Amino acid sequence: MKKLQGAHLRKPVTPDLLMTPSDQGDVDLDVDFAADRGNWTGKLDFLLSCIGYCVGLGNVWRFPYRAYTNGGGAFLVPYFLMLAICGIPLFFLELSLGQFSSLGPLAVWKISPLFKGAGAAMLLIVGLVAVYYNMIIAYVLFYLFASLTSDLPWEHCGNWWNTELCLEHRGSKDGNGALPLNLTCTVSPSEEYWSRYVLHIQGSQGIGSPGEIRWNLCLCLLLAWVIVFLCILKGVKSSGKVVYFTATFPYLILLMLLVRGVTLPGAWKGIQFYLTPQFHHLLSSKVWIEAALQIFYSLGVGFGGLLTFASYNTFHQNIYRDTFIVTLGNAITSILAGFAIFSVLGYMSQELGVPVDQVAKAGPGLAFVVYPQAMTMLPLSPFWSFLFFFMLLTLGLDSQFAFLETIVTAVTDEFPYYLRPKKVVFSGLICVAMYLMGLILTTDGGMYWLVLLDDYSASFGLLVVVITTCLAVTRVYGIQRFCRDIHMMLGFKPGLYFRACWLFLSPATLLALLVYSIVKYQPSEYGSYRFPPWAELLGILMGLLSCLMIPAGMLVAVLREEGSFWERLQQASRPAMDWGPSLEENRTGMYVATLAGSQSPKPLMVHMRKGTSAEGLLYARMTVSAMCIRSTDKMLSCLQGAHSSAETCLGDFKPEICGEEMTVVG
C-alpha cells in the first residue's frame with residue numbers, strides 16, 4: 001500500500017473510468033494521501049508532544065513572577081477564569097481544525113481561501129520566534145556546560161570579567177542569624193558572569209553596533225540547531241519518540257528541585273510571598289489582562305504548533321479529552337514551578353537578609369542570574385545547577401520542535417509532490433537558514449536584538465491572527481458547519497459553552513488584549529538601555545507585517561476568482577472543492593455526495609482552473625478520480641447482488657462526481 005501511495009505521488013495517473021473492478025486486477029483504488037504524509041506512531045505521541053509544546057520556559061520564569069506581582073494567590077482567580085474563557089476553547093478549536101483536515105497552517109485554509117493570509121502570517125510569526133527561541137536554548141547549553149565543574153564560575157568575584165562593583169552576595173552570620181547586606185551599588189558575581197562574560201555586552205554600544213560574534217555562543221547555537229534537526233529528522237515519527245523523554249523528564253527534575261527547595265531554611269518565607277492572596281488586586285484591569293496574556297502565550301495558541309500536531313492524528317482521536325488534559329496540566333505545572341522557584345528565593349532572601357522582592361525577577365534575569373546565584377549557596381551546587389539547566393533545555397526543545405515542524409509541515413503540504421519526498425533535505429535547509437539568521441544574536445549586542453524580537457515578533461500580530469482565525473471559522477465558514485465537522489470526528493457536537501466562547505467570549509477577550517497592548521504600549525528596553533526610535537519602528541513594522549499578510553492574502557484570493565467583485569468575494573470565502581477529511585473513508589455525510597463548498601459545477605471549475613496551483617489541481621483530479629471509482633465500484637457491486645434492484649443501486653452512484661472528473665481529464 002505504501003509503495004502504491006509513493007508511486008501516486010511521484011507519478012500521478014488518471015484512472016480509467018471505463019474499467020470494471022475486475023479489470024483493475026489487485027490494484028488498491030484507495031488513494032490514501034494522509035498516510036504518505038505521516039502519522040503519530042504511538043498512542044501517547046500526540047499528547048506528550050502537546051504537553052511538551054505548552055509546558056515551556058514561560059512556565060518556569062514568567063508565571064511565578066507574574067503571579068506574585070499581581071495579587072499572589074488571588075491571581076489564580078482571573079488565571080483559571082481566562083483559561084476557561086479563552087484558553088480551552090481556542091486550544092480545542094485549533095486542534096479540531098488540524099485533525100479534521102490533516103493539513104498544516106497554510107493548506108488548512110481550504111476551509112476559506114479568503115483568509116489564507118492568516119496562515120502565512122502564522123508562519124512569519126513562528127519563524128521569527130524560532131530564530132530567537134533557539135538562541136535562548138543556546139544560552140541554556142552554555143550554562144549547562146559551565147556547570148560541569150567542581151566550582152561554578154559565577155560563584156566568586158576576582159575573574160577577568162568582574163569589575164570593582166562585584167560583591168559576593170553572601171550574608172554573614174552572627175549570633176542572631178544573617179546580617180543584612182547593603183546591596184546598593186554592588187553587582188553579584190552571577191550577574192556579571194551573565195552580562196560581561198556570556199553576553200559580553202560591554203563590547204557593544206547598542207543595537208546599532210552589535211560588535212563581534214562570540215564564538216562560544218555561536219557554537220552553542222550551532223549545537224542547538226543540530227539537536228533540533230536530528231530530533232525532527234523524520235518528522236513526527238522521530239520527534240514523537242523524543243518527547244517521551246523531553247516532555248516527562250522535566251517533571252522529575254522539577255519534583256527534585258521542589259523537594260530540595262521546600263526543605264531549605266527560609267523556603268516558607270518565599271512560598272508565603274508567592275501565594276499570599278491580595279484580593280484588592282482583582283479590582284485592577286491590569287491583573288485580568290496579565291492573566292489572559294499568560295494563558296494565551298503559555299498554551300501556544302495561534303503559533304500553528306497545535307494545528308500541526310493534530311493534523312498527524314487519526315481522524316477519530318479524542319482531542320476533546322486531550323484538550324482538558326493538556327490545558328489543566330499546563331496550569332498545574334506553572335503553579336508547581338512557582339513553588340520550586342520561590343522556595344529557593346525564600347532561602348536566598350534569608351541568607352542575604354533582604355526581602356524576597358529584592359531577589360525575585362522574571363525572564364532571563366531569573367534563569368541566568370538569580371537562580372544560578374541561589375545554586376551557589378547550596379551544597380553540591382554544580383549538581384543542582386546542572387539539573388536546573390537540563391530541565392530548561394528539555395522544556396525549550398519541545399517548543400522548538402513544534403515551531404520547526406509547523407514551518408516544514410505548512411510548506412510541504414502546499415507543495416507535496418515536490419517537497420514530501422525530500423522532507424529531510426528541506427528541514428535541513430530551514431535549520432541552516434535560521435541558524436544564519438540567528439548569528440546576529442551571538443554578537444556582543446545580540447541581547448538587544450533578542451529583546452526586540454521577543455517584544456514585537458509575537459505581540460499584537462499574533463492576537464490579530466487568532467482573532468481572524470476565530471471569526472473566519474465561526475462566522476464565515478459557520479459555527480453550525482464547524483460543529484457538524486467535529487461531530488463527524490468525535491461523535492458529538494460541542495456544547496453551548498464552546499459555541500458561546502467561539503462566537504463571543506474568546507474574540508471579545510482577545511480584542512480587549514489587543515486594545516490594551518496598543519493603549520499601554522511602552523518602548524522596548526533592556527536594563528537601563530533605551531532602544532533608539534529606528535529600532536522601535538523596525539519592531540512595530542515587524543508586528544505590522546504579519547497583520548498585513550491577511551489583507552494581502554484576501555486580495556490574492558479575490559483576484560484568482562472570476563466575475564464581479566461580490567461574486568469573487570463569495571467564491572473566495574467558500575471552502576475549496578477538496579476541503580474535508582483527507583481520507584476518503586472518513587468522508588461521510590455531505591462530503592460523500594459532493595466536495596465541500598461545491599454548490600454547482602461552475603464554482604467547482606472556477607476553483608479548479610483559477611484558484612488552484614498545479615500541485616493542487618493534480619491533487620484535486622486524483623481525489624475526484626478516486627471518489628468516482630469508488631462510487632462506480634459500489635454501484636457495480638450492488639448490481640451483482642442477488643437481492644438488489646437497479647433503482648437502489650443507481651441511487652448509490654454519484655454522476656456529478658464522475659462528471660467533474662471527465663471535465664477535468666478532458
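How many disulfides does the structure hold? The structure holds one disulfide, where a disulfide is a pair of cysteine sulfur atoms within 2.5 Å. Before I go through it, let me say what we are looking at: this is a predicted model, in which local features need pLDDT of at least 70 and side-chain atom pairs count only at pLDDT 80 or more, while totals for chains, interfaces and linings use all residues. Residues are numbered from 1 along each chain as its sequence is written, and side-chain values use heavy atoms, with hydrogens and water left out.

Let me begin with the overall picture. The protein has 29 helices and four strands, and by these words I mean DSSP runs, numbered from the N terminus, with helices being H or I of at least four residues and strands being E of at least two. Of the 666 residues, 58% count as buried; here buried means under 20% relative accessible area, exposed means over 50%, and partly exposed is in between, using a 1.4 Å probe and protein chains only. If we take the contacts between residues at least 6 apart in sequence, 82% of them join residues at least 24 apart, and contact means heavy atoms within 4.5 Å.

Now back to the cysteines. The disulfide is formed by cysteine 157 and cysteine 166, whose sulfur atoms are 2.0 Å apart, and because the torsion about their S-S bond is about -80°, this disulfide is left-handed. Cysteine 157 is partly exposed, at a relative accessible area of 22%, whereas cysteine 166 counts as buried at 13%.

Next, the packing of helices. Two packed helices are described by the angle between their axes and the distance between the axes. The axes are lines fitted to C-alpha atoms, for helices over the stretch in contact, and angles run from 0 to 180 degrees between N-to-C directions.

The crossing is left-handed, a word used if the near helix is turned anticlockwise from the far one by less than a right angle, with right-handed used if clockwise. Helix 15 contributes Ala340, Ile341, Val344, Leu345, Met348 and Leu352 to the contact, and helix 16 contributes Leu366, Val370, Tyr371, Gln373, Ala374 and Met375. By class, this contact has 11 nonpolar, one polar and no charged residues, where Ala, Val, Leu, Ile, Met, Phe, Trp, Tyr, Cys and Pro count as nonpolar, Asp, Glu, Lys and Arg as charged, and the others, Gly among them, as polar.

In the second example, the axes of helix 3 (residues 45-54) and helix 10 (residues 236-246) come within 9 Å and cross at roughly 60°, and this crossing is left-handed. Here Asp45, Leu48 and Ser49 in helix 3 meet Gly240, Lys241, Val243 and Tyr244 in helix 10, and these residues divide into three nonpolar, two polar and two charged.

Finally, a few single residues. Methionine 489, in helix 21 (residues 460-490), is buried with a relative accessible area of 3%. Leaving aside residues up to four places away in sequence, methionine 489 touches Ser96, Gln99, Phe100, Phe315, His316 and Ile319.

Is leucine 380 buried or exposed? Leucine 380, in the loop between helix 16 and helix 17, counts as exposed at 63% relative accessibility, and its phi is near 55°, a positive value in a residue other than glycine. Serine 102 also has a phi near 55°, but this residue, in the loop between helix 6 (76-101) and helix 7 (116-146), counts as buried at 9% relative accessibility.
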